[in-house]
Structure formats: C-alpha cells, structure tokens
Amino acid sequence: MKIHEYQAKTLFREYGIPTLRGEVISDASQAVAAAKKIGDRGPWVVKAQIHAGGRGKGGGIKLCRTLDEVKINATTILSKSLVTLQTGSYGKKVHFLLVEESCEIETELYLAAVLDRASASIVVMTSREGGVEIEEVAQKHPEKILKVHVDPSLKSFPYHGRSLSYGLSLDVKLHRPFSELVSSIVRLFVEKDCSLVEINPLVITKSGGLIALDAKVNFDDNGLFRQKGIMKFADPLEEDPIDLEAAKWNLNYIHLDGNIGCMVNGAGLAMATMDAIKLYGGEPANFLDVGGGASTDMVREAFKILVSDSKVKGILVNIFGGILKCDVLAKGIVEAVGQVGLKIPLVVRLEGTHVEEGRRILQDSGMNIHATSEMGEAAQMAVTSVKGKF
C-alpha cells in the first residue's frame, strides 16, 4: 500500500523526523490562503500529491516566490494529468497539492530503509547523491551507496547511524542527529509494517539542520490487518477501479499492457501461462490468480473483471483443478457470461478434479468456447484468436 507525501510526513513527525511546515489543498482557490498560513513571506513550494516518483521532472513541483505564482502553479498542476517516468504516458490526475515552506539547502543526501529478503534484515541505505533516483546512482556509481543491515527484532543501535555518518563524511555536529534519524526510520519501518521508508532528498540546511524534504512510505499489504490506523491513509482515487474490485473479492490481480486476459489458479501456473502467451507472440493483459479455494462467486467476478477491460481482445482460462474443482470454475464462467455477455474469443484449458463435469457444463452452455487439454495449445489458440486468424 502506498500513501502520499503529506501523509508520510505526518508519520515522520510522529516519529520525530524533522519536516517543513505545509498545508494540503484540493482546490487551486485554497492555495494562497494555505501559503499565507505557512508564512507571509515566500518562497513557497507547490507539490503535486500522487503515488508516483519523478514529480519534479514532470512539472509537479514548483518553487514560488510570490503568492501570484502559488496560485498560477496550483491551478496549472491541478488542471491536467501529471506524466512522470513512473506514471506511463497517460499520467495521473492530481487531486491534492502540498503547499510547503522552503528552506536554504546546503547539501542533499539520500536515506532509506528497505527489506532485504536474502538476509531477513532491514537495509538502511544512504548516499551523498540526494535528489537523484537511487536506481540511477546504483547503476552508474554503486560505490556511492552506503549500507548497513539491521536485525528487525533488535531495531537500531547508535552504531548503525554513526557508521553511516562517518561514511558520508558528515560534520561531527551532525553525527548524533543523523544517528537518531536512522533509528527513527527503522523504528517506523518495524512498528508500521513498512516495505519502504525513503527520504530523498534529506537536506542539510545552511543553518546546519537536517530536514526530510520529501517522504515516501510504502506498507506491506500482508501486515495491514495490524495497522488499522494506517488504512485511513488509503486513497481510492489513486487506485485503478479494476484493482479495487479484485481486492474486494480477494483476487490476486495485476494489470498489464497486453490484450489477452488470463484467469488461472496458482501463481506459478499464472506465470507459466503468461510465458506461454509471450512464446507464441502474444501479450498478456493481466496476472489474475483466483487461488486454489475460489468459489463460483469469485470465478464469476474474476471473469467480469477480464471482460470489463476494454483492452482485452481475447481470454485464456487455464485451470488445473485441485482444491478449485473444474465444475466450480465452469459454473462461474457460465454465470458471468450470462450476466455480462461475451463478444471476444474465449479459450479454456481444464484439467484435474471434476474435469469431465466442468467440460460438460461449458459444452451444454451453448457458449462459443475453444477448448483444449494442452496448455501450450491453449496459449497458441488464444494468441491466434486475438489476431483474427482463428
């Protein structure tokens, strides 16, 4: 789960991580009042709030020296979709802005905590290359990224921060506040079930202080049942409606850019199905794992999700019946088609428990289904069908 910058900074302040004063607005008419509330004299910074990075390069972060500039930039950012390297060509509509005070920057640093599954630990990373995408730094100058591993059961000790501050060659006056900052982000990471806590940039001001100029916090979805307070930060406006519908039915769904919709049971089989589609020259439109224990209702709703995607020109259902029996799957498909109709090719590959009953249900439905028992053949049939050569 992702949250906005202004929400992440609310958490930062809870954990004693220094941030600048700011006001959140949803309408450009509120921009000037928000700026005045922060201070009568600028400059101020107007920042688009979307769940994507690269906002500055996309024109979503503007330094404003006058109140007129605050209003103009707020109006411009809220009036159109913001396109960044992480949003794709369609961009994202901006619904909220953060109007924030500015500060005089001496140095920009990078600081983050992420999970390292290989060592079952938290990795705290830092670099003097703040304000730059860390992926770019890792590719061009990996030696400039400093790391320490922290045992999540022990949280953080002062030596972790001291080790990093010495590596950054910070002024001795900053060693203690930097170490405290490292301890704070690790504590936030552990206590809130985070998957990422990132400050980019973390700035050293000309007065010698440390300020989190930006804030990015992601949470592990599997830990959200423990984090009831975090759920208030969820923003449905940032989510694809299809993703929300899939989550409501506990379906594992990821939208992709292809045109062949896939419905499969089991993550491994789903990955293999997408590979097979690619092998025969097609492009999968999604990853959709209905799971081993899916009910007829879940299958019906999963099929509706596939049909509702305008980019889907054909559907491949690949089920190996085990816990999810083939007849349950067949009933779900028939119910879904009865409710929403089907105007695109459908290829079904069924094997496993109650397979004969499942095939009989599909056959008796009168639906135009291309059936096979071979996975490779099913993928080839799906690719051929969307190309109009079936």
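Contact here means heavy atoms within 4.5 Å. In this predicted model, V124 touches L111, A112, A113, L146, K147, V148, V150, L164, V182, I185 and V186, with residues up to four places away in sequence left out of the count.

V124 also belongs to the largest nonpolar core, which holds 38 residues. Together with F12, L111, F178, I185, I199 and F219, V124 is among the members that touch the most others. At least two residues of this core come from each of helix 1 (5-14), strand 7 (105-116), strand 8 (121-127), strand 9 (145-150), helix 6 (175-191), strand 10 (194-205), strand 11 (210-212) and strand 12 (216-219). The greatest contribution is that of helix 6, with 7 residues. Another core lies apart from this one; it has 33 residues, including A302, C326, A336 and L346.

The loop between helix 6 and strand 10 contains K192. This lysine counts as buried because its relative accessibility is 17%, under the 20% limit. Beyond its neighbours within four places in sequence, K192 is in contact with L11, E14, Y15, F219, Q227 and I230.

Turning to the sheet, 4 strands make up an open arrangement in the order 1-6-2-3, with antiparallel pairing. Strand 1 (22-25) and strand 3 (61-64) each have a single partner strand, so one side of each is left without a neighbour in the sheet. From one strand to the next, the twist averages 20 degrees. Strand 2 (residues 44-49) pairs with strand 3 over 4 bridges, in the antiparallel sense, and K47 has I61 in strand 3 as its bridge partner. Helix 2 (residues 31-38) packs on this sheet and touches strand 1, strand 2 and strand 6 (96-101). The direction of helix 2 makes about 165 degrees with that of strand 1.

Charged pairs come next, and the structure holds 24 salt bridges. One of them joins K9 to E100, with the closest N and O atoms 2.7 Å apart. This pair links distant parts of the chain, since K9 sits in helix 1 and E100 in strand 6, 91 residues apart. Both partners are buried: K9 has a relative accessible area of 2%, and E100 has one of 3%.

K140 counts as exposed at 54% relative accessibility, whereas E136, at 31%, counts as partly exposed.

R300 and E335 also meet through their side chains in a salt bridge (3.0 Å, N to O). R300 is in helix 9 (residues 296-308) and E335 in helix 10 (residues 326-340), so the pair ties together parts 35 residues apart in sequence. R300 is buried at 11% relative accessibility, while E335 is partly exposed at 35%.

L269, in helix 8 (residues 267-279), is in contact with V264, N318, F320 and M375, leaving aside its neighbours within four places in sequence. S385 lies in helix 12 (residues 375-386) and counts as buried, with 9% relative accessibility. A polar atom of the S385 side chain is 2.7 Å from the backbone oxygen of A382.

Notes
Residues are numbered from 1 along each chain as its sequence is written. This is a predicted model: local features need pLDDT of at least 70, side-chain atom pairs count only at pLDDT 80 or more; totals for chains, interfaces and linings use all residues. Side-chain values use heavy atoms; hydrogens and water are left out. A nonpolar core is a set of buried Ala, Val, Leu, Ile, Met, Phe, Trp, Tyr and Cys residues joined through side-chain atoms within 4.5 Å. Buried means under 20% relative accessible area, exposed over 50%, partly exposed in between (1.4 Å probe, protein chains only). A polar contact is a pair of N or O atoms within 3.5 Å; within protein, one must be able to donate a hydrogen and the other to accept it, and residues adjacent in sequence count only if both atoms are side-chain atoms. Two strands pair if DSSP finds at least two bridges between them. Axes are lines fitted to C-alpha atoms, for helices over the stretch in contact, and angles run from 0 to 180 degrees between N-to-C directions. A salt bridge is a side-chain nitrogen of Lys or Arg within 4 Å of a carboxyl oxygen of Asp or Glu.
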